[in-house]
Amino acid sequence: MLMVHDFSKFHGLKPRMVDALDELLTLDIAKLMPLLRQEEVEVPEQIVQGGAFDGTRNGPFVEGATEGAYEGMDDDEWVVTKDKPKYDEIFYNLSPMDGKLSGTKAKTWMVTTKLPNSVLGKIWKLSDVDRDGMLDDEEFALASHLIEVKLEGHGLPSDLPRHLVPPSKRRQKGSAE
């Protein structure tokens, strides 16, 4: 686009204006920066309200506020329950021992999803709620749910939200908190 312009017809730079700009950038902006930081510290976090923001603390732009890992947050029933029969079929086809899948057996199935190992590792940490290195049927269902969440393009939470904790682990986890 610049090739069509004749730069010789542009006005020359005015040294006085360049000096004023230089002074502004060097001195004036430098004086303002500490004031901005001070203002941020003094003013409490403000929440946007009204219009599309009614009824929500963070507004409609929070990633995955009603989908992905946060789907079912306000439901009474565990969100994974609706797909648990499908997950149970996979779980029992993997031949669990004493009602649990070893890490090796679970990994063998998990890698078939083609998700990166780093993501699968995070899903494992979120799903192995009792930290025994194995997955029972509910933990496996949770892992499968989180895999689907990720495959649908949503993010994963850094910590397991309370609404995703398997029902049999809720009392256990609640007493540990």
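User: Happy to look at this predicted model with you. Where is the place of Ser144?

Analyst: Ser144 sits in helix H5.

User: Which residues does Ser144 contact, leaving aside its neighbours within four places in sequence?

Analyst: Those are Tyr87 and Trp109; a contact here needs heavy atoms within 4.5 Å. Asp83 is a further point of reference: Ser144 and Asp83 are 61 residues apart in sequence, with their C-alpha atoms 9.3 Å apart in space.

User: Let's turn to the rings. What makes Phe91 and Tyr92 an aromatic pair, and of which kind?

Analyst: Their centres lie 4.9 Å apart, and the limit for a pair is within 6.5 Å. The planes make an angle of 85 degrees; over 60 counts as edge-to-face, so Phe91 and Tyr92 are edge-to-face.

User: And why is the pair of Phe91 and Phe140 called stacked, edge-to-face or tilted?

Analyst: At 5.6 Å centre to centre, the two rings do pair, with 50 degrees between the planes. Stacked needs under 30 degrees and edge-to-face over 60, so this pair is tilted.

User: What does the pair of Phe91 and Phe140 tie together?

Analyst: Phe91 belongs to helix H2 (residues 84-93) and Phe140 to helix H5 (residues 137-151), so the pair links parts 49 residues apart in sequence. Both residues are buried, Phe91 at 0% relative accessibility.

User: Which residues form the aromatic cluster?

Analyst: Phe91, Tyr92, Trp109 and Phe140 make up one cluster.

Definitions and conventions:
Residues numbered from 1 in each chain as written. Predicted model: local features only at pLDDT ≥ 70, side-chain atom pairs only at ≥ 80, totals over all residues. Heavy atoms only, no water. Phe/Tyr/Trp six-rings, centres within 6.5 Å; stacked < 30°, edge-to-face > 60°. Buried < 20%, exposed > 50% of the residue type's maximum accessible area, 1.4 Å probe, protein only. Helix = DSSP H or I, 4+ residues; strand = E, 2+ residues; numbered from the N terminus.
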